[in-house]
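Keep the structure in view while reading.

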Amino acid sequence: MNLTSRGRGRGRIASVTRIRGFAKIALLAGVGMPSAPPVSAAFDGQEPPRIADFEQDIRFLLELYCLDCHSGGEGAVAGVDLDRFRSEDDVLRDRSIWSQVFHKVEADQMPPPDRADRPTDEEQAQLLVWIEDIAARPDPRLGARDPGKPVLRRMTRLEYNNAIRDLFGLQTDVFMFSDRLPVNKGYFRPDAHRMGEQILTTTREFGAKYPVLLPSAGLPPDNRAEHGYRNRGDALNVSPLLLENYVNLARQIVDSPNLPEQSPAFRALVADPNAPSLPHREAVPVVTAARDLAPHRNVGHQAEGSAIPQEQFRREIASAFETSHGGVFDAETSSLVLPTGSGLSVAFGPDGGRSLQLTGDADLWLASFTTAEESSGSTLLTNHTKGEKRFTIRFKVQDEPSSEGPTALGVVVLGRALAGGVVAITAHVRGGASTTLEHTVAEGPGGNTFFSFQAPPGETIEALTVDGTRFTGDYVLLDDIAFLTPPHTVGSQPEPEADPRPSAEPTPMAEKRSEARDRLEEFLPRAFRRPVRAAEIERFLAIFDEAAVAGADFPSAMRSVLAGVLASPSFLYLAEPWQPDRPAVRPLDDHELASRLAFFLWASTPDDLLLELADRGMLTDPDTLEAQTLRMLDDPRIRELGESFATQWLRLDGLYTAKPDRQQFKRFYAGPQGKDTLHGAMLIEALLLFETVLVENRSILEFVDADYTWVNGRLRALYGLDEPSSPVSPGDAEGDGMSNRERPEQGDPNKTWRRVRLPDRTRGGYPTMAGPLVVTSLPTRTSPVKRGAWLLETILNRPPAEPKIAFALEEDAPATEQPETIRQRFEQHRSQPACFSCHNRLDPPGFALEAFDPIGAWRETDGGLPVDASGSWDGRPFDGTAGFKQALLEDREALVRGFVEHLLSYAIGRELEVYDRPAVAEIVAAAAEEDSRLRRVVVEIVKSYPFRHVRNTRFDQAEEP
């Protein structure tokens, strides 16, 4: 064996790259397994190395290069003790550490690159191929490939919300939470298989309220696994307090007064079998009231005769909101048409238990207009039919007697560009009286005007008639509608409607219990995502019995039962339990596979079709499984793969916490108080790239190097891209979820997104996109280390080790005689022996991205000196961002493998281990046959061995096969 060191140049890297290729081929062919045929055609015609013998070859290499540092038990460097492996049997009993060894050797980090005695190319290749072979071996104690320990985990907060939403067929979230991206997704149509070249979309202010079932409810955020995802079983801790939260939240859900209106499925579950089957109203959209009137402070006029001055109304509304008898309708929602006679519900008060019903006598429209400046949010209320500017809106407080409405109303009418004139609003009081206010609304935002009305004592306002027939333009725009209601009486309920038919004989409780059983027999399998046993149904019927004995009626008893279901471990937990009559490794059954598939792709419960196929035992058929995966990729719920997986993968869930310095980077901020930041635009750009690759089934390599990106007006300016050759025409927008009739007449360059071809490879892909560049910067400067670490972890899935010594650039350090760039200051640090090993890998990508400033704009200089973006990556020299991306792409397999490992880990909810390496290699190879397209990657993950199998081990013994 040649023990001398070899040159470190490009030839060596090419050799190792060929070795990596052989390792993959060897795995796929089964090298090292008892019946595997030999593989001979690898290494560009060279003979592949034999699979090394541990005691004869590998142990010798360890003693030569590794054991000086990595021996001695707990005293070993980094806690990695390789001396304990004296035979191959020792290795097979504990293979976990060898994945880390593989990564370090493959990345040329171990032995340290500055060490004089280093292994030759052949020795390094021998070790890597041996580890790949060990990874592919069947576990001797299992008698089969190891699919990983079983994962018992609860739902994440996002998954819980989505499961409740889909179980009851809701059109809104259950509660507000930060995992829900503040992006209008009306454009997202995955079944079209095309994104178009232009779309319309907006973001709401981060943290702003949006329509939900329970505005004041929620769950605490989930922890995130290190170098992983929120759905990792080892990160989803459970405490007694959290379990108590689940119980309380389940009760709030079933007791919500809005749930029966919004969910026909829930109504059917709780309806009293003795009650007459009266027709139910269709579910109406629900929005959440706000506390503040006209928070943009851009309403400069008040209609003469207004009952309450704007500032006084603002104070009264804020106070009334806290006591549940007032609020402001300022909906943040996508374009929505409210047909004549229908309307929407405005939930208000801290508990969200009251709501104001708005019903129009004409088609109304919730939309955004770029020709007006909203007094709050970005959505307003107007006539839907062009030119029909006279309409009436009726009001009713839902939990008060039917004759009561608001006692006071305030309305903001918006001025519009090139449109103005008289607007008259009439308030109709319950007793028949009315009051009309008129104002000449000027053109533009300077015309925004406040109207207010107050009912006489003891009366309420039933309706407002808006008359914009003397206002030019085709639409009259209402923004904030503020309302005060009579003092709320706790526990008040609407008067029951009289039943015109003869009353029926009461149904005996025994028959009602039988009815409850029938409903549970249908509902529980959907809630628990599997067949249920008779004993399980009896446990929940016991809740029904207890409530009935206490005097509860049928609906109340069923609500108690459903609260128990939603707090049950069978609903909250995802589990693939031990089956004592099965082998040590078993395939998932159909229902377990349905759950894995649904929570992977939709972050939600399986739909009826998946459960039906599971009931029939068809989902484990490979062809059916692939067909269902492709169907689910076309469903709008696949948005969660971008919003949950992609945002965590790219670390963009921390984007809004990045705060570039306001003085240095003024163009990052705009609008009143600088609240209109570039955070939302950067998030949308990143999301649109992921969705484009997903919807159009493009190669995942576009995540690194795409020849296009999506920009709005502000990002176009930030990137220095040329303006479009023709003005943006909203009528050309595709996939925005709006008809031509619904779309605002003029395009807003910041709400209109175009797919643009990039002039060169300086940009394109996530490494050079503004969002990741901002996330990996500090408020006042770039951070090559953060950017390098982000690329190693995110793109290659090879996160760097923790630093051995602390280091920070002192911002207030005395100025040197000579100006320095950030790179020069870091070069001094990386030259230290203790730091060189990691920085040798960290710094090249960080330095390559130094041509972008902390907000992602291109720059030529840093600290008054030219930016140096050159370096070397895996022996390939580069100069500039485009050259660095080319160096990355020369090892295409490493890029695909990194993404596959991330997505597979997310799909199965656990960290990948060394025994998962064969599955990763199989997925990479299969995807390569279709140019590594994203949909093929997803399908291959779903068909992979670890996704479809589980180690059949009790959870309390899961550490050992």
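Contact here means heavy atoms within 4.5 Å, and angles run from 0 to 180 degrees between N-to-C directions. With that in mind, helix α19 (residues 679–695) lies across β2, β22 and β23 and runs at about 135° to β22. The model is predicted.

**The sheet**
- Three strands form an open sheet in the order β2-β23-β22, with antiparallel pairing.
- At the edges are β2 (198–200) and β22 (708–711), each of which pairs on one side only.
- On average, neighbouring strands of this sheet are turned by 20° against each other, direction ignored.
- Strands of a sheet pair through backbone hydrogen bonds, either parallel or antiparallel.
- Three bridges join β2 to strand β23 (residues 752–757) in the antiparallel sense.
- Opposite Leu200 stands Thr752 in β23.

**Arg639**
- Helix α18 (residues 639–649) contains Arg639.
- The side chains of Arg639 and Glu643 make a polar contact (2.7 Å).
- Not counting residues up to four places away in sequence, Arg639 touches Arg180, Lys185 and Phe188.
- From C-alpha to C-alpha, Arg639 and Leu601 are 8.6 Å apart in space, and they are 38 residues apart in sequence.

**Glu592**
- Glu592 is found in helix α15 (residues 590–601).
- Glu592 is buried because its relative accessible area is 9%, and buried means under 20%.
- Its side chain makes a polar contact with the side chain of Arg586 (2.9 Å).
- Leaving aside neighbours within four places in sequence, the contacts of Glu592 include Ala575, Glu576 and Pro577.

How values were computed. Residues are numbered from 1 along each chain as its sequence is written. This is a predicted model: local features need pLDDT of at least 70, side-chain atom pairs count only at pLDDT 80 or more; totals for chains, interfaces and linings use all residues. Side-chain values use heavy atoms; hydrogens and water are left out. Helices (H or I, at least four residues) and strands (E, at least two) are DSSP runs, numbered from the N terminus. A polar contact is a pair of N or O atoms within 3.5 Å; within protein, one must be able to donate a hydrogen and the other to accept it, and residues adjacent in sequence count only if both atoms are side-chain atoms. Buried means under 20% relative accessible area, exposed over 50%, partly exposed in between (1.4 Å probe, protein chains only). Two strands pair if DSSP finds at least two bridges between them.
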